Amino acid sequence: AMVRPGDTIGLNGGTTTTEVAREVALLPDLTDPETPVTIVTNAVNIASELTVRQCVRVVVTGGAARARSYELTGPLSSLILPQISIGTLFLGVEGVNGHGLYASHEGEAAVNAALVRAARRVVVVADHTKLGEAAFALICRTSEIDELITDEAAEPEAVEALRAAGRTVVVIAHRSALLALADEVVTVSSAPLDDGGPDDGGPDSPSADHVPSTAREHTEVRP
């Protein structure tokens with residue numbers, strides 16, 4: 001699992017990150033209120049939905065809420081984010097390419113950038129329509145992220161452009177599986193999408209039984 005009890009994760013606003021938040025709240029190991037997952041977010045809808053969960057601790061960045069995205073923006077976030085450390089940030093974006101990550105609103109981009117700076121690991125979650133695209137406001141450079149998770153409809157050229165920038169690209173077998181990131185993740189190797197093969201059969205290699213049949217030709221399971 002990418003998220004475990006006791007972890008501190010970050011989530012910005014958006015439909016994909018909202019579903020990630022819901023999956024985190026349903027983690028089967030998340031049963032002890034004394035070992036909660038701490039979620040740092042600027043999205044008031046995510047905070048509202050998770051506050052009632054006994055095993056989730058919610059930290060909100062502060063700011064003024066935007067009606068369209070439910071995200072808090074403005075300078076108040078600068079009071080808290082430089083003072084905390086986030087283990088993994090799951091970042092939703094409006095566009096991502098070999099140069100950078102983008103949001104459509106400059107206020108959201110500024111808070112998202114502050115979340116990136118506070119995180120030790122940045123995982124971008126974006127469906128295939130966001131790859132190779134740019135939006136109005138730059139969040140950060142592609143070199144500042146660790147991993148990108150997308151769906152199998154992603155254009156190979158867009159995936160390879162991100163790999164060429166030195167990023168790990170993870171492809172989920174189906175777009176709907178983007179919404180289950182708290183569970184096991186199907187990972188594409190560093191080879192091009194259509195050049196994958198079976199694992200090497202070594203003692204640490206995952207069994208094909210653990211990989212969805214639709215993805216076995218070019219994927220491996222990440223623990």
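Predicted model: local features only at pLDDT ≥ 70, side-chain atom pairs only at ≥ 80, totals over all residues.

**Entry 1: walking across the strands.** I began at strand 1 (residues 8–11), which is joined to strand 2 (residues 37–41) by four bridges, the two running parallel. For a landmark here I picked G10, which stands opposite V40 in strand 2. Strand 1 is also joined to strand 6 by three bridges, again parallel, and I found I9 opposite T88 of strand 6.

How many residues of strand 6 are buried? I checked residues 86–92, and seven of the seven are buried.

**Entry 2: a loop proline.** Next I looked at P36, in the loop between helix 1 (15–25) and strand 2. Is P36 buried or exposed? I read a relative accessible area of 18% for P36, and the cut-off for buried is under 20%, so P36 counts as buried. I then listed what P36 touches beyond its sequence neighbours up to four places away: P5, G6, D7, L30, C55, V56 and R57. I also checked P36 against V58: they are 22 residues apart in sequence, and their C-alpha atoms are 9.6 Å apart in space.

**Entry 3: helix 3.** I moved on to helix 3 (residues 106–118), which has 13 residues. From first C-alpha to last, helix 3 reaches 19 Å, close to the 18 Å expected at 1.5 Å a residue. Helix 3 is mostly covered, with ten of its 13 residues buried. Among the buried ones I jotted down E108, N112, L115 and V116, along with several alanines including A109 and A113. What do the buried residues of helix 3 pack against? My list reads strand 2, strand 5 (72–73), strand 6, strand 8 (100–103), strand 9 and strand 10 (137–141).

**Entry 4: helix 4.** In helix 4 (residues 156–164), I found A158, V159, L162 and R163 buried. They cover an arc of only 140° around the axis, so they sit on the same side of helix 4. That spacing made me recall the general rule: an α-helix has 3.6 residues a turn, so residues three or four places apart point the same way. On the face turned away from the buried side of helix 4, I noted the exposed residues E157 and A164. Just after helix 4 comes G166, with a positive phi of about 90°.

**Entry 5: cysteines.** How many disulfides does the structure hold? I found zero. C55, already on my list of residues touched by P36, is buried at 10% relative accessibility. C140 is buried too, with a relative accessible area of 3%.

Notes: Residues numbered from 1 in each chain as written. Heavy atoms only, no water. Pairing = 2+ DSSP bridges. Buried < 20%, exposed > 50% of the residue type's maximum accessible area, 1.4 Å probe, protein only. Contact = heavy atoms within 4.5 Å. Arc of directions from axis to C-beta. Expected span 1.5 Å × (residues − 1). Disulfide = S-S within 2.5 Å.
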